[in-house]
Amino acid sequence: MNLRERFSDYLSVNHNKYRFVSITAFVFIITALAWQSDDAYHAYVMAKHLVEGNGFVYNIGERASASSCPLFTLVIALGYFIIRNMFIVSLLICVVFSSIAFAVVINNFCTTRRQIILTFLLCIGSVSFLSYTTSGLENSLLFMLAAVFLKLYFRTDVYDAKKLFIMGLLISLVAMTRMDAVVMLVPAVLYVYFAKRDRVSFLKAIPIGILSLLPFIFWELFSLFYYGFPFPNTAYVKLGTDIPLSQYIYRGFQYLGITALCDLPVILIPFFVVIAAIVVREAKYLAVSLGIILYTGYIIYIGGDFMLGRHFTVMFLMSVITILDIIENASVNDIKKRRYENNYILVLVASLILSVTMKPVTDQFLYGNKLGSNIADERGGYFKHTSLFNNALSYFKTGEMCIRDAWNEEGIEEYRSMNIDSGILRMVPGITIFYNSDMYLNDQYALGDPFLSKLPAVREDNWRIGHMWREVPAGYLDSIIYGGNRLENESLKEYYDVILLITRGRLFDGDRIKAIIDINTGKYDHLIDEYRATLDENNRIRE
């Protein structure tokens with residue numbers, strides 16, 4: 001072995017040491033900062049009911065889904081079946097998925113020590129990305145699937161039938177994890193299917209694509225048959241509000257702007273990748289950048305979110321991978337590659353410094369502060385009661401975890417004191433529902449309510465995305481508590497009969513199947529319109 005080969009071998013071994021240290025440090029940091037989002041517990045309720053034999057439902061006896069991430073919820077259910085501690089097993093699953101994603105990036109896209117160190121610093125330096133490596137939400141699974149997808153995408157020159165199927169299968173799994181996340185990957189998939197096939201005709205590629213999407217197709221058919229609707233109840237809650245599109249777009253730009261203020265890397269790195277892809281002008285990079293642009297537009301269109309940066313974290317990870325591949329493999333000379341890398345380092349360092357140094361100012365734009373918007377640093381708000389660290393500390397000190405202290409349970413206690421096991425409150429957090437899952441509970445935000453979710457949301461000046469509440473029509477609370485259909489409005493009474501048939505009737509009842517078809521083709525929309533006509537201009541019940 002000559003001197004050059006020995007030096008190359010030394011560098012390879014040394015890089016492996018850096019990879020091992022960075023991955024180990026990443027796992028340690030995300031575990032130390034692990035926390036639970038309250039919203040995650042809405043899915044946990046369904047996972048718990050499934051494992052305990054009560055169906056894949058939100059409330060026992062009513063087929064409704066409050067989970068926008070069915071695949072992740074099923075994985076959580078599998079974990080809970082093995083380890084009957086939802087708090088621990090869900091965080092363990094998140095840590096595993098996020099760690100695999102990071103390991104894929106470090107081991108497959110970082111070729112120098114500098115890239116390993118910078119990628120590590122960038123991933124732990126983004127407040128949003130670091131927050132949603134855990135949280136109990138589906139981001140961690142999306143991180144892993146996106147990393148594996150891009151590994152296949154960037155490391156494959158031409159695609160035979162097998163590789164086309166694998167790529168389609170990954171898309172199917174992403175869609176089952178979170179349906180709208182597919183928007184980020186569609187341009188890349190189309191580029192592969194149209195331009196990178198190897199000895200596979202277009203006519204043959206079509207059935208391969210359909211076959212690879214069968215998991216998602218079967219899930220949609222199951223959802224339509226079991227729940228009565230193709231989309232989760234949460235989608236109807238958040239988008240079927242009767243709030244003007246212009247207000248959603250305003251909220252979307254606000255979400256983009258506040259996220260950029262408070263976590264600059266998670267916005268600036270994708271922007272840099274889009275510019276780099278345009279400069280390089282290679283189709284594979286342009287396809288990824290188009291996915292980033294489309295998804296950003298989609299997030300603006302739906303009004304963003306109330307969780308700081310959450311919906312930008314997957315495209316952030318995709319951008320980190322893409323810029324690393326551009327630096328290493330773009331069809332440009334070494335001087336240009338070095339220029340891209342230097343610019344990337346400049347953007348990375350500047351964004352991290354600005355985010356850290358400006359934090360006391362930018363935090364003022366978050367929920368609950370002086371200039372507060374409706375966007376919150378959820379980990380910052382929940383860490384005290386839902387973090388792994390504080391719950392472990394509480395358990396060692398008192399023998400009990402502190403997660404239930406995140407919310408009081410006054411309304412629940414009142415119901416129990418009156419021997420009432422069903423009800424609708426103004427707000428019931430996911431954590432509260434999980435620890436009282438023997439009761440039927442919904443709230444006016446209607447995340448798990450298949451009836452209220454179809455009604456128009458009350459319009460308020462400072463409404464918060466995902467928290468648009470509905471008026472409870474006269475007689476509905478009595479219907480929930482005492483059973484039957486006691487609604488006073490005749491149009492809603494007829495509509496609720498249909499909902500009861502779909503969500504509580506016998507699965508294979510012919511009338512139920514017909515009702516599912518009818519409600520999804522708009523046959524009963526006029527009933528909601530008739531009810532809307534009885535409300536005032538803000539969708540409140542007239543006095």
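## Terms and model

Ala, Val, Leu, Ile, Met, Phe, Trp, Tyr, Cys and Pro count as nonpolar; Asp, Glu, Lys and Arg count as charged; the others, Gly among them, count as polar. On a 1 Å grid over the protein atoms alone, a cavity is a set of points where a 1.4 Å probe fits but cannot get out, and a pocket is an open set with protein on both sides within 12 Å along at least five of seven lines; lining residues have an atom within 4 Å of a point. Points join across faces, edges and corners, and a volume is the space filled by probe spheres set on them.

This is a predicted model, and totals for linings use all residues. Residues are numbered from 1 along each chain as its sequence is written.

## Cavities

Nine cavities reach 30 Å³ or more.

The largest pocket has a volume of about 840 Å³. Of its 38 lining residues, Phe-231, Pro-232, Ala-235, Tyr-236 and Leu-239 are closest to its centre. The lining holds 18 nonpolar, eleven polar and nine charged residues.

The second largest pocket holds about 600 Å³. It has 33 lining residues; Glu-378, Tyr-382, Trp-407, Arg-464 and His-467 lie nearest its centre.

Terms used
This is a predicted model: local features need pLDDT of at least 70, side-chain atom pairs count only at pLDDT 80 or more; totals for chains, interfaces and linings use all residues. Side-chain values use heavy atoms; hydrogens and water are left out.
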